[in-house]
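Q: Happy to go through this one with you. Shall we take the labels one at a time and check each against its cut-off?

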Amino acid sequence: VDGHINEAQWQSARSCNDWQRIRPFARDQPAYGNELYILSTEHGLVAAFILDEPSSIPRIKPRTPRDAEPLIGDTVSLMVDFDANAQIGYEFTVGLAGGIRDRLITNQNNFDSDWDGDWQHAVHETENHWFVELFIPWSSIGMRESNAATGTIGVYGTRYLFERGERYACPGI
């Protein structure tokens with residue numbers, strides 16, 4: 001996990017392409033491009049965000065403590081329902097400066113910051129983009145037992161562009 005999204009494995013990843021602006025709740029196209037890739041590996045779930053942000057837009061990246069509420073600045077969040085049953089979800093948020101927040105989600109709207117998961121993240125910036133890579137080991141989360149060869153999970157990605165006060169999401173709900 002290094003924040004450089006250039007490994008061959010990303011070619012086979014699933015992507016979320018239906019990004020919409022949800023703050024304000026316009027559900028229109030975001031001003032800047034956003035990509036989210038998800039890959040299941042033997043050891044865990046891997047995700048990558050690729051975010052357009054021209055150098056003309058100030059990047060807001062203050063240092064923040066773990067689980068800060070709110071996490072100030074440009075951020076991305078990955079919310080995952082590992083059982084795809086809307087019972088328990090997990091939030092993994094990373095700020096541009098590398099600050100993180102992780103929480104359990106219950107009742108679809110109750111966020112509990114007491115959970116501190118064992119996961120990895122990295123942020124990388126270029127002149128017109130920034131990138132976030134996440135690795136969530138299967139051993140760090142709770143999942144229902146299953147004998148199936150494959151499973152289904154629910155995934156929701158967001159990006160907050162602090163300078164514009166806008167949030168983009170995929171899917172746009």
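A: Gladly! A polar contact is a pair of N or O atoms within 3.5 Å, where one must be able to donate a hydrogen and the other to accept it. This is a predicted model, and in it the side chain of D81 reaches the backbone nitrogen of A84 at 2.9 Å.

Q: What makes the approach of D81 to the backbone nitrogen of D83 a polar contact?
A: A polar atom of the D81 side chain lies 3.2 Å from that nitrogen. The cut-off is 3.5 Å, so the pair counts as a polar contact.

Q: Why is D81 called buried?
A: D81 has a relative accessible area of 13%. Buried means under 20%, so D81 is buried.

Q: Where does D81 sit, and which residues does it touch beyond its neighbours within four places in sequence?
A: D81 lies in strand β5, which spans residues 75-81. With those neighbours left aside, D81 is in contact with A86, Q87, I88, G89, I153 and G154; each pair has heavy atoms within 4.5 Å, because that is what contact means.

Conventions:
Residues numbered from 1 in each chain as written. Predicted model: local features only at pLDDT ≥ 70, side-chain atom pairs only at ≥ 80, totals over all residues. Heavy atoms only, no water. Helix = DSSP H or I, 4+ residues; strand = E, 2+ residues; numbered from the N terminus. Buried < 20%, exposed > 50% of the residue type's maximum accessible area, 1.4 Å probe, protein only.
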